[in-house]
Amino acid sequence: MKLVRFPRSHFQSRLGLVVASAWALACLLRLNALIASEPLAKGIQDNSFFIEEAYNQEPGVVQHIFNLALDFTNGSREIAPSFTQEWPVFSQTHQFSYTIPYLFTEDDNGMEDMRLNYRLQAFMEGKYTPAFAPRLSLVLPTGDSDKGFGTGVMGYEFNLPFSKIVSDRWTLHFNAGMSVFPNAHQSRHLTNYNVGASAIYAVTRDFNLMLETLAGWNEDIAEGVFEFEETVERSTTAIISPGARYAFNLPNEAQLVIGAALPIGLTSDSPDWGLFFYCSFEHPFVRTEPRQIK
């Protein structure tokens, strides 16, 4: 009786195919288990509209953010687009970003004061502790103070953002901060304070419902008076803003997030109501895996 013998090369190719298939199946099962173990709230994490989230950019990932705000007050309209870029500095511990704002009013338009931001990831989120990432910003006097687009002096801004996933679908955020503009008015400082919070509900991993609220106590130089008559005016603003956002997960670990909100003013110094549109694109800017040489 003769035994059927397969060529060694044929046997090795079959064995290699079986091993590769088993390895791919194991990786897929591991990935599915990892996704299933993560809360749905982790699908979208750093894409709030008015409330700052306490998550720095991951190493090697840059984020581009475009905002468009339309405010309506007593029949008048203001349009305020802005562009922000967020860059990790070698690791997630340190982050640099800048914001370029612009303003269109009924009478004029121009750039507002630009911000250069440094943020420290002081604490990563734990089982019982929130993420914490204090931010320090330089407010550059790029806006025309005569048109009301800036203060005309260098300012300093400080914000304390906290973030915590509290369940599979819910995330809570809290902010408290202030800004100071030294010698902005007759050797007097202008000081502003802000506080805010938000609740995010993950309908799915890629679709969130949002409710944000923000209050500010602000000082500014009164408009429409002569320089020697300038006085400081104080205002209290507060808004509540329901909104939603959706994420498109793209190849090469890129993510596009779009969103919209309907901010509503709660005080006489706030806009009556508004529309807010959000667009963010983040992607790796360095190679995260070694290149395979063929």
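Ala, Val, Leu, Ile, Met, Phe, Trp, Tyr, Cys and Pro count as nonpolar; Asp, Glu, Lys and Arg count as charged; the others, Gly among them, count as polar. The model above is predicted.

**Exercise 1. Survey the chain.**
State how many helices and strands the chain has, and what share of its residues is buried.

*Solution.* 
Step 1. Take the elements. The chain holds 1 helix and 15 strands.
Step 2. Take burial. The cut-off for buried is under 20% relative accessible area. Of the 294 residues in the chain, 35% are buried.
Step 3. Look at contacts. Among contacts with a separation of 6 or more, 54% join residues 24 or more positions apart.

**Exercise 2. Describe the second largest pocket.**
Give its volume, the residues closest to its centre, the elements that line it and the classes of its lining.

*Solution.* 
Step 1. The second largest pocket contains about 1100 Å³ of space.
Step 2. Its lining has 31 residues, and Lys42, Gly43, Gln45, Glu58 and Gln255 are the closest to the centre.
Step 3. Helix 1 (8–37), strand 12 (232–250), strand 13 (254–261) and strand 15 (273–284) each give two or more residues to this lining.
Step 4. Sort the lining by class. It has 12 nonpolar, 10 polar and 9 charged residues.

**Exercise 3. Classify two aromatic pairs.**
Decide which geometry the pairs Trp87–Phe285 and Phe207–Tyr246 have, and place each pair in the chain.

*Solution.* 
Step 1. A pair of aromatic rings is described by the distance of the centres and the angle of the planes. Centres must lie within 6.5 Å; planes under 30 degrees apart are stacked, over 60 edge-to-face, and the rest tilted. The count by this rule is 12 aromatic pairs.
Step 2. Trp87 and Phe285 lie 5.1 Å apart, centre to centre, with 65° between the planes, so the pair is edge-to-face.
Step 3. Trp87 sits in strand 2 (residues 76–89) and Phe285 in the segment after strand 15, so the pair ties together parts 198 residues apart in sequence.
Step 4. Trp87 is partly exposed at 29% relative accessible area. Phe285 is partly exposed too, at 36%.
Step 5. Turn to Phe207 and Tyr246. Their centres are 6.4 Å apart and their planes 45° apart, so this pair is tilted.
Step 6. Phe207 is in strand 11 (residues 207–221) and Tyr246 is in strand 12, 39 residues apart; the pair links distant parts of the chain.
Step 7. Phe207 has a relative accessible area of 28% and is partly exposed. Tyr246, at 33%, is partly exposed.
Step 8. Look for a cluster. Ring pairs link Phe49, Phe50, Phe276 and Tyr278 into one.

Key. Residues are numbered from 1 along each chain as its sequence is written. This is a predicted model: local features need pLDDT of at least 70, side-chain atom pairs count only at pLDDT 80 or more; totals for chains, interfaces and linings use all residues. Side-chain values use heavy atoms; hydrogens and water are left out. On a 1 Å grid over the protein atoms alone, a cavity is a set of points where a 1.4 Å probe fits but cannot get out, and a pocket is an open set with protein on both sides within 12 Å along at least five of seven lines; lining residues have an atom within 4 Å of a point. Grid points are joined across faces, edges and corners, and a volume is the space filled by probe spheres set on the points. Helices (H or I, at least four residues) and strands (E, at least two) are DSSP runs, numbered from the N terminus. Rings of Phe, Tyr and Trp (its six-membered ring) pair if their centres lie within 6.5 Å; planes under 30 degrees apart count as stacked, over 60 as edge-to-face and the rest as tilted. Buried means under 20% relative accessible area, exposed over 50%, partly exposed in between (1.4 Å probe, protein chains only). Contact means heavy atoms within 4.5 Å.
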